Amino acid sequence: MHQALYRKWRPQTFDDVCGQEHITSILRYEAENRAFSHAYLFCGSRGTGKTTCAKILSKVVNCESPVNGNPCGKCAACMAIDSGAATDVLEMDAASNNGVDNIRDIRDEVIYPPTALRYRVYIIDEVHMLSISAFNALLKTLEEPPEHVIFILATTELHKLPSTIISRCQRFDFRRITTESLMARLRFIAAEESIKLDEDASRMLAKLAQGGMRDAISLLELCAGGGRDVTLDVVEDAIGLTGRDSMLKTVLAVADKNYDLLFSQIDEVVRSSKDIAVFWQDLIAVYRDMLVVKTTQNAASYLDLTDYESKQLHDVASRFRKETLLYHCNLLEDAFFAMQKANAVKRIVAEMALVRMCDEALDSSSEALLSRIAQLEEKMITGSFVAPRCAEVQETPAKVAEEKHVEIPPKKTEAPAPVAPSFAVPAQKAGESGEKRILKPMRNWMEAVEKICRSDPMSAGFVKNAKAFTMENGSVVVRFPDSFSFSMMEKDEARDRLRMALSTVLRREVGDRMLIMEIAGEKKNSSVIDEILEASDED
């Protein structure tokens with residue numbers, strides 16, 4: 001009868017366990033010194049070696065001649081456990097034996113000594129599935145079992161275990177196995193099984209396993225079915241994946257707002273009988289990688305990519321701003337959950353989400369607005385923003401005069417004023433020079449307003465209609481709509497409260513000299529961002 005590869009190549013000693021040296025080293029030390037605990041708790045994600053280590057531990061505690069903390073595998077005890085003939089080693093699946101009666105049976109059995117081995121070992125897998133009454137029945141026995149009994153509990157969901165159970169066990173946390181360790185093990189198994197495995201294919205299988213050795217070996221066996229050579233194309237075809245180049249092509253189509261290419265990509269996925277949900281997960285993974293590139297200094301430490309793939313990703317990520325990436329990630333996540341609903345038409349959900357990703361104006365969410373504002377700010381800084389409303393003002397008088405046959409008196413020719421690359425506001429305080437200041441609207445100004453309103457409700461009316469800006473030197477400019485509001489907030493106590501609120505919101509100290517209070521002119525009543533957004537919408 002055929003035996004699955006993950007069972008055939010299950011480690012038989014602690015030295016063979018991959019990626020869990022922080023655990024196996026302690027278990028080997030206990031075996032060498034015969035200092036075993038009465039109860040162990042193995043927790044971690046699936047396929048990381050919990051059950052494997054439990055089986056090895058059950059052998060080494062009963063082994064007649066252990067070697068460097070590992071079971072010899074040759075004595076009668078090891079051979080009996082390997083063959084399943086040892087009645088003193090009992091494995092129980094708590095998912096199907098989770099009642100209090102099952103635990104009572106164990107409680108009644110532990111008083112009897114083992115029949116053939118040194119220790120009676122109980123391995124309870126998925127222990128978090130036990131009922132509350134079963135946990136209560138296990139408590140006393142788990143805390144003070146007879147000297148000849150050892151409990152080994154394994155779980156993938158530690159948070160579901162009562163703290164009273166966790167505190168009675170020696171706990172070991174199994175980590176996800178690294179990609180390099182998975183690749184090394186896959187290459188070893190492929191060589192032993194005479195399977196030709198490409199480097200790129202082994203890396204892809206390791207990534208898909210997400211830190212689980214069992215999943216990696218199972219995927220290798222799936223791709224090698226029929227005696228095929230395991231290449232990257234074979235992996236993508238067998239599992240229904242879309243290549244990374246195709247993913248980046250889709251992302252670039254979003255950046256270029258190429259709707260034809262986007263609909264073509266979805267159509268290709270549908271025609272190839274691949275699951276759109278799998279395609280969507282791959283797309284989310286690419287966006288996650290781009291966020292890492294945009295937000296970290298050492299992205300290579302968090303990305304499992306080749307040099308060529310890393311260069312490709314950096315080139316694509318440069319087309320987006322962080323705000324836009326976050327907005328797209330929210331759309332991708334919402335679309336993925338929508339695909340999981342019953343009777344959901346995945347194709348339509350995917351196409352609608354991609355269209356919304358191309359045009360933030362189609363979405364009224366705060367994330368979409370933040371992305372649009374970030375785009376406008378970037379244009380202001382680089383000097384590439386031209387308000388369409390200004391162009392209309394310049395063209396309208398000539399057009400009206402032409403239509404009504406009215407002569408326009410000639411104007412004196414003046415040299416055009418230089419265009420500032422950012423939004424510049426002339427200084428309005430007395431005694432300052434005529435140089436222009438570069439002001440940037442303060443995004444979290446309303447948070448400061450709320451703090452002031454809570455601490456001093458009398459000042460609420462004076463600050464609600466004010467506008468705040470930040471300068472390059474860290475100063476904060478607050479403009480009030482009228483002289484009365486300015487005079488009321490200029491008082492020492494009100495000014496100090498304003499400085500404290502700004503310091504809290506900006507997470508830095510705003511000194512008295514760094515707070516500049518002004519009275520806005522007649523043309524400064526509207527928000528700068530509001531004016532820019534209105535101009536952008538008209539475009």
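Student: What does aspartate 173 count as at 36% relative accessibility?

Tutor: Aspartate 173 counts as partly exposed. Buried means under 20% relative accessible area, exposed means over 50%, and partly exposed lies in between, with a 1.4 Å probe and protein chains only. This is a predicted model, in which local features need pLDDT of at least 70 and side-chain atom pairs count only at pLDDT 80 or more, while totals for chains, interfaces and linings use all residues. Residues are numbered from 1 along each chain as its sequence is written, and side-chain values use heavy atoms, leaving out hydrogens and water.

Student: Which residue does the side chain of aspartate 173 meet in a salt bridge?

Tutor: Side chains of opposite charge can pair when their charged atoms come close. A salt bridge here is a side-chain nitrogen of Lys or Arg within 4 Å of a carboxyl oxygen of Asp or Glu. Aspartate 173 meets arginine 171 at 3.0 Å, N to O. Arginine 171 is partly exposed too, at 42% relative accessibility. The structure holds 24 salt bridges.

Student: Where in the chain are glutamate 518 and arginine 479?

Tutor: Glutamate 518 and arginine 479 form a salt bridge, 3.0 Å from N to O. This pair links distant parts of the chain, with glutamate 518 in strand S10 (residues 515-519) and arginine 479 in strand S9 (residues 476-480), 39 residues apart. Strands (E, at least two residues) and helices (H or I, at least four) are DSSP runs, numbered from the N terminus. Glutamate 518 is buried at 3% relative accessible area, and arginine 479 is buried at 4%.

Student: Which residues are linked in a network of salt bridges?

Tutor: The network links Glu490, Arg495, Asp496, Arg499 and Asp512. Within it, arginine 495 and glutamate 490 meet at 3.6 Å, N to O. Arginine 495 is buried, at 11%, whereas glutamate 490 is partly exposed, at 33%.

Student: Which residues touch the most other members of the largest nonpolar core?

Tutor: A nonpolar core is a set of buried Ala, Val, Leu, Ile, Met, Phe, Trp, Tyr and Cys residues joined through side-chain atoms within 4.5 Å. The largest has 40 residues, and Trp280, Tyr287 and Met290 touch the most other members. Helix H14 (276-295) is one of the helices that each supply at least two residues of this core. H14 gives the largest share, eleven residues. A second, separate core of 30 residues includes Phe14, Tyr40, Cys72 and Ala77.
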